[in-house]
Amino acid sequence: MKTTKGPISDFIQKYYLHFNAASVVDAAKAYEQQLNNGAKMMVTLAGAMSTAELGKIFAEMIRQDKVQIISCTGANLEEDIMNLVAHSHYERVPNYRDLTPKEEWDLLERGLNRVTDTCIPEEEAFRRLQKHIFKIWKDAEENGERYFPHEFMYKLLLSGVLEEYYEIDIKDSWMYAAAEKNLPIIVPGWEDSTMGNIFASYVLKGELQASTMKSGIEYMTFLADWYANNSNNGIGFFQIGGGIAGDFPICVVPMLYQDMEMTDIPFWSYFCQISDSTTSYGSYSGAVPNEKITWGKLDIDTPKFIIESDATIVAPLIFAYLLDM
């Protein structure tokens, strides 16, 4: 087994010595220690990490068993696949801060939906997926089957129907890596994603039944069973960004402890959040980890890290450390 670290890991250990930089190294080393102790790790993806092409390194994290369960927004679930099939049609807008409302409208009329400095092409990305995923949804319904949003996406990827459209190396798709391992994914609030909106439109038109798609409550009960069955050696919580991708799954512990009265359920064994949210009145994303102790999510001795920085910069560095790069 490889034990030596590569140049990226050596660099951050030599130069990342204080403040947020030191937290990056501390969090990476503690993550590695969790895995070495036999603990499992949940990674949560908020924001537009898939459009930021986190898959180029996150897919390798999945392949090397550095993550055992994922919680992500519906946007991250679908945007990794959109990047897979429409990459050459994306446009970067480096001067996005200077755009006028008219220039933004012009992007809309060209079918380009902007995410910060990157525009997702509607026709090649959204509609290309829609044609194929609708058939999978409809076939399931006609067979009396129900699945979670991520399970439908796994079926889409593993069916091979998208192969003709691939525009990046399949190794750079974290969703494909996850599908190959049938990795459990939690997708809270999936309904507000593009595919969720499209599914709802078919329900409104009477072409699909809402019940064909498993719900958020079913995701929570699935997670509760998974946590109870996998927490013997601890489960860590690595949160990229804030929002529902993190808020939803972290609550499974107090639910099991308080509402299910499973008083022997262990707390999350590690917590790290990469976020630029500031601590303010009532802010959850910006709350310091110790506040989570009062909600029965983290223990007094749980290793806790907050890295106040841009996740698109920090997450690849931590993953690089874990991959001995």
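Let's begin with Cys 119, which is buried in this predicted model. Its relative accessible area is 0%. Cys 251 is in no disulfide, and the nearest cysteine sulfur, that of Cys 72, lies 17 Å away. A disulfide would need the two sulfur atoms within 2.5 Å. For the model as a whole, the count of disulfides comes to zero.

Another cysteine, Cys 272, takes us to a pair of strands. Its bridge partner in strand 9 is Phe 305. Strand 8, residues 270-274, and strand 9 run parallel and are joined by four bridges. Strand 9 itself spans residues 304-307 and has two faces. Phe 305 and Ile 307 make up the covered face, while Lys 304 and Ile 306 sit on the uncovered one.

Now turn to helix 4, residues 74-86, where you will find Asp 80. Which side chain of opposite charge is nearest to this buried residue? That is Arg 63, but at 9.6 Å away, and Asp 80 has no salt bridge; the cut-off for one is 4 Å. What Asp 80 does have is a polar contact, side chain to side chain, with Ser 173 at 2.7 Å. Setting aside neighbours within four places in sequence, Asp 80 also touches a run of residues from Asp 172 through Ser 173, Trp 174 and Met 175 to Tyr 176. Ser 50 and Gly 55 complete its list of contacts.

Key: Residues are numbered from 1 along each chain as its sequence is written. This is a predicted model: local features need pLDDT of at least 70, side-chain atom pairs count only at pLDDT 80 or more; totals for chains, interfaces and linings use all residues. Side-chain values use heavy atoms; hydrogens and water are left out. Buried means under 20% relative accessible area, exposed over 50%, partly exposed in between (1.4 Å probe, protein chains only). Lys and Arg count as positive and Asp and Glu as negative; His and the chain ends are not counted. A polar contact is a pair of N or O atoms within 3.5 Å; within protein, one must be able to donate a hydrogen and the other to accept it, and residues adjacent in sequence count only if both atoms are side-chain atoms. Contact means heavy atoms within 4.5 Å. Two strands pair if DSSP finds at least two bridges between them.
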